[in-house]
Amino acid sequence: MGGAALLAKTRDWGHVIGKRIIRDVFSDNGILLVPISSIITREQIMILEKHGIELTAQDVVSIGPYSENESFVHTQIINDTVTEISRLFEGIRTTKEVPIAELRRSVIPIVQEIASKETPLIGLFASLQAKDDYIYRHHIAVGIYACLIGGWMGLDRQEQLQLTTAALLHDIGKMLIPEELLQKPGKLTAEEYAIMKSHTVLGYELLKKTVGVTHRQALVALQHHERMDGGGYPLGLTHDKIERFSRITSVADRFHAMTSRRAYQDPLPFYEVLFQIEKDSFGELDPVITRLFVEKMMNALIGRSVLLTDGREGVVLMVQAQNLGQPLIQAEDRFIDLSREPAIRIEQIL
């Protein structure tokens with residue numbers, strides 16, 4: 001397809017950087033310039049510009065903060081565990097009972113094992129990013145993230161087990177919400193949103209009557225949408241009135257939601273995820289827990305290749321404690337201090 005065949009041109013090609021193209025792009029004389037499924041970089045944009053071709057939002061799709069080329073040693077185990085938890089949780093819709101014994105036997109040990117291994121953190125995050133299976137992969141991801149945070153906070157083995165179980169079950173009330181509502185692609189009506197919010201209370205009531213689940217764990221299902229500033233639901237609790245396990249789970253829940261494809265939202269680019277979670281630490285999320293999570297994530301980027309919003313590729317050299325989200329990058333023979341160039345940000349981790 002040539003320049004004339006494309007839709008209206010976009011003035012800012014930065015909107016397509018880091019996204020996957022959904023069609024082959026040919027020059028006017030039939031030479032393939034960019035093959036379908038390529039991740040758009042600055043170099044490709046420059047090639048297209050030489051041929052008078054610009055891409056539109058209709059030519060690309062977002063793949064979120066991680067490159068789809070990322071592989072992780074436990075990816076298949078994670079996928080198998082998602083399949084298992086979907087089987088177990090689907091049964092809750094009819095039985096109205098939580099299969100806690102089966103979860104402890106076939107799911108929770110795997111979640112803890114994955115979180116406890118010395119594995120590349122970014123590879124783990126990429127493997128947990130939900131594409132078309134958000135409802136079930138989300139439970140596994142939040143369980144793993146919460147377990148990681150608990151370990152970083154120095155919780156003992158028993159507390160980590162309790163936290164992991166609680167985080168894995170945090171959204172269990174959604175199994176009692178109509179599935180068509182969970183999968184609705186558009187914005188919820190006020191009535192639908194009220195039903196959706198009820199998953200916190202439904203989950204709490206479900207876990208309260210489950211033998212082997214503590215009240216502290218049930219509180220995570222009730223409180224994981226509470227916010228430090230009192231703006232959450234269902235009770236509008238603030239600060240220390242929110243259980244610590246709930247505050248940890250809230251950070252894990254928010255992060256995974258932003259990095260995954262959901263029925264109504266594409267995953268956000270890395271800089272937007274980072275901006276939003278840091279912003280939320282000033283009022284909504286526990287600031288100590290959030291900073292610890294961001295610090296671990298950013299330090300895991302040292303030595304990693306990244307795609308910048310201006311289309312260049314670079315390597316993260318150093319993370320600065322005072323500006324965690326704006327590290328020092330080496331792009332070819334140039335050093336870029338993102339704290340001094342706020343217009344340039346990290347689009348995607350390669």
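Arg 137 counts as buried, at 8% relative accessibility; buried means under 20% relative accessible area, exposed over 50%, and partly exposed in between, with a 1.4 Å probe and protein chains only. The model is a predicted one, in which local features need pLDDT of at least 70 and side-chain atom pairs count only at pLDDT 80 or more, while totals for chains, interfaces and linings use all residues. Residues are numbered from 1 along each chain as its sequence is written, and side-chain values use heavy atoms, with hydrogens and water left out. Arg 137 is found in helix H7; helices (H or I, at least four residues) and strands (E, at least two) are DSSP runs numbered from the N terminus. Not counting residues up to four places away in sequence, Arg 137 touches Ile 78, Asn 79, Val 82, Ser 127, Leu 128, Gln 129, Ala 130 and His 256, where contact means heavy atoms within 4.5 Å.

The protein is divided into domain 1 (19-62), domain 2 (68-298) and domain 3 (302-349), with bounds that come from an automatic or database domain assignment. The centres of domain 1 and domain 3, taken over C-alpha atoms, are separated by 25 Å. To the contact, domain 1 gives 5 residues and domain 3 gives 6 residues.

The largest nonpolar core has 84 residues; a nonpolar core is a set of buried Ala, Val, Leu, Ile, Met, Phe, Trp, Tyr and Cys residues joined through side-chain atoms within 4.5 Å. The residues with the most contacts inside this core are Phe 89, Leu 103, Phe 125, Ile 140, Ile 144 and Phe 255. Helix H7 (residues 134-152) supplies the largest share of the core, 11 residues. Because domain 2 and domain 3 both give residues to the core, it lies between them. A second, separate core of 13 residues includes Ile 21, Ile 45, Leu 48 and Leu 307. In the largest core, Leu 103 has most contacts along with the other residues listed with it; not counting residues up to four places away in sequence, Leu 103 touches Ile 85, Leu 88, Phe 89, Val 98, Ile 108, Pro 109, Leu 168 and Leu 169.

Helix H8 (residues 157-168) has 12 residues and reaches 16 Å from its first C-alpha to its last, close to the 16 Å expected at 1.5 Å a residue; the expected span is 1.5 Å times one less than the number of residues. At the start of H8, the backbone nitrogen of Gln 158 has a side-chain oxygen of Asp 156 within 3.2 Å. The buried residues of H8 are Gln 160, Leu 163, Thr 164, Thr 165, Ala 166, Ala 167 and Leu 168. The cover over these residues includes helix H2 (75-90), helix H4 (100-106), helix H5 (108-116), H7, helix H12 (215-223) and helix H13 (244-258). Thr 164 of H8 is buried, with a relative accessible area of 1%. Apart from neighbours within four places in sequence, Thr 164 is in contact with Val 111, Gln 112, Gly 143 and Cys 147. Thr 164 and Val 315 are 151 residues apart along the chain, and 33 Å separate their C-alpha atoms.

In helix H11 (residues 199-208), the buried residues are His 199, Thr 200, Gly 203, Tyr 204, Leu 206 and Leu 207. They cover an arc of only 165° around the axis, which puts them on the same side of H11; the arc is that of the directions from the helix axis to the C-beta atoms. These buried residues pack against helix H3 (92-95), helix H10 (190-197) and H12.

Several loop residues were also examined. His 74, in the loop between strand E4 (60-61) and H2, counts as buried at 10% relative accessibility. Leaving aside neighbours within four places in sequence, His 74 is in contact with Ile 114, Lys 117 and Thr 119. Asp 333, in the loop between strand E7 (323-331) and strand E8 (334-337), is exposed, with a relative accessible area of 71%. Lys 96, in the loop between H3 and H4, has a phi near 60°, a positive value in a residue other than glycine, and counts as partly exposed at 38% relative accessibility. The loop between H12 and H13 holds Pro 234, and the peptide bond from Tyr 233 to Pro 234 is cis, with omega near 10°.

Methods
Polar contact = N/O pair within 3.5 Å; in protein donor to acceptor, adjacent residues only side chain to side chain.
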